[in-house]
Amino acid sequence: MIRLDGVGQVFDGREGQVTALEKIDLHVRGGEFVTLIGRSGCGKSTLLRLIAGLLPPTSGAVQVAGEPVTGPRRDVSFMFQRPALLPWRSVLSNVLLPVEIDKGDRNKAEYKERAHQLLELVGLQGFERRLPHELSGGMQQRVSLCRSLIRDPQVMLMDEPFSALDALTRTELSEELQRIKMELSTTIVFVTHSIEEAVVLADRVVVLTPRPGRMREVVEIDIPRPRSLGQNAHLTEVAEISGRLHALLAEKAPDELQAVGEARPVDEVRQ
């Protein structure tokens with residue numbers, strides 16, 4: 001469903017060029033749930049923007065559903081860290097916003113029916129006419145999730161969507177997301193800084209090196225679903241994989257080790 005071949009991204013800064021990503025080769029199967037983890041600044045969000053067509057790669061090629069990505073696509077949705085709901089619009093009209101921007105191939109009545117189905121799916125039936133300020137943070141993120149699903153995307157890109165929520169709401173939404181994914185068979189690429197969240201949600205976890213972001217390792221998660229941050233976080237399998245991922249994130253790449261060695265004081269080297 002998603003192919004990145006030799007992808008690199010370089011930005012022009014005030015003090016010269018900055019390489020955000022380098023030599024990314026990633027293939028995501030249809031219906032797969034892949035999480036991306038890595039230190040801050042390693043290019044995780046940039047990688048999502050490349051897949052979404054919001055940013056052209058400096059090098060390499062990006063494909064979705066067998067087609068080159070040359071710009072934003074109707075079949076790819078993007079969910080951000082914050083809900084980004086329009087405060088003057090109701091829950092229902094916020095969910096329908098993408099339809100108004102891009103009318104698509106279905107009439108408004110069909111989309112409205114779909115919006116009601118999605119709101120029921122996430123437990124927000126009866127809140128259709130509420131405004132965002134009348135909702136909790138978790139409820140707002142549920143509205144954002146419905147908005148991401150309104151056009152039945154083949155691919156969902158999610159950039160730390162639960163990071164600002166309390167632990168209990170985060171657990172509830174992660175379970176909700178898994179249930180929706182299993183029902184709709186949507187392909188999901190999910191960025192998180194939580195290793196436990198990455199393990200509980202994913203079919204595979206991609207570990208990126210510090211900038212420039214490269215693929216250090218891809219770890220398969222062979223734990224039966226459904227999974228829960230609350231109930232499964234302390235399972236032996238989750239603990240073992242989490243420990244492995246912690247070690248990968250802490251491990252320095254060969255070029256980093258060389259730089260550290262070059263920077264060591266002479267006295268320290270002699271000792």
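Visitor: How many aromatic pairs does the structure hold?
Guide: The structure holds three aromatic pairs. Rings of Phe, Tyr and Trp (its six-membered ring) pair if their centres lie within 6.5 Å; planes under 30 degrees apart count as stacked, over 60 as edge-to-face and the rest as tilted. Please keep in mind that this is a predicted model, in which local features need pLDDT of at least 70 and side-chain atom pairs count only at pLDDT 80 or more, while totals for chains, interfaces and linings use all residues. Residues are numbered from 1 along each chain as its sequence is written, and side-chain values use heavy atoms, with hydrogens and water left out.

Visitor: Why is the pair of Phe-33 and Phe-190 called tilted?
Guide: The ring centres of Phe-33 and Phe-190 are 5.9 Å apart, with 45° between the planes.

Visitor: What makes Phe-33, Phe-162 and Phe-190 a cluster?
Guide: Ring pairs link them. Phe-162 and Phe-190 form a tilted pair too, 5.8 Å centre to centre with 55° between the planes. Phe-162 sits in the loop between strand 7 and helix 6, and Phe-190 in strand 8, 28 residues apart.

Visitor: How do you know whether Phe-162 is buried or exposed?
Guide: Buried means under 20% relative accessible area, exposed over 50%, and partly exposed in between (1.4 Å probe, protein chains only). Phe-162 has a relative accessible area of 2%, so Phe-162 is buried. Phe-190, at 0%, therefore counts as buried. In the protein chain, buried residues make up 49% of the 271 residues.

Visitor: What makes a set of residues a nonpolar core?
Guide: The set must be buried Ala, Val, Leu, Ile, Met, Phe, Trp, Tyr and Cys residues joined through side-chain atoms within 4.5 Å. The largest one here has 32 residues, and those with the most contacts inside it are Leu-145, Ile-150, Met-158, Leu-177 and Phe-190. At least two residues of this core come from each of helix 2 (91-95), helix 4 (108-121), helix 5 (137-149), strand 7 (155-159), helix 6 (167-184) and strand 8 (187-191). Apart from it lies another core, of 26 residues, among them Leu-21, Val-34, Cys-42 and Phe-78.

Visitor: Which residues is Leu-177 in contact with, leaving aside its neighbours within four places in sequence?
Guide: Leu-177 is in contact with Phe-33, Leu-145, Met-158, Phe-162, Ile-188 and Phe-190. Contact means heavy atoms within 4.5 Å.

Visitor: Why is strand 7 called mostly covered?
Guide: Five of its five residues are buried. Val-155, Leu-157 and Asp-159 lie on one side and Met-156 and Met-158 on the other. In a regular strand the side chains alternate between the two faces of the sheet.

Visitor: How do you know which strands pair with strand 7?
Guide: Two strands pair if DSSP finds at least two bridges between them. Strand 6 (residues 76-79) and strand 7 have four bridges, in the parallel sense, and Phe-78 stands opposite Leu-157. Strand 7 and strand 8 have five bridges, also parallel, with Phe-190 as the bridge partner of Met-158.

Visitor: Why are strand 2 and strand 5 called edge strands?
Guide: Strand 2 (16-28) and strand 5 (67-68) each pair on one side only. They belong to an open sheet of four strands in the order 2-1-4-5, with antiparallel pairing. Strand 1 (residues 2-13) and strand 2 pair over nine bridges, and a hairpin joins them through two residues.

Visitor: How do you know whether Thr-186 is buried or exposed?
Guide: Its relative accessible area is 5%, so Thr-186 is buried. Thr-186 is found in the loop between helix 6 and strand 8. Not counting residues up to four places away in sequence, Thr-186 touches several residues, including Gly-31, Pro-153 and Lys-181.
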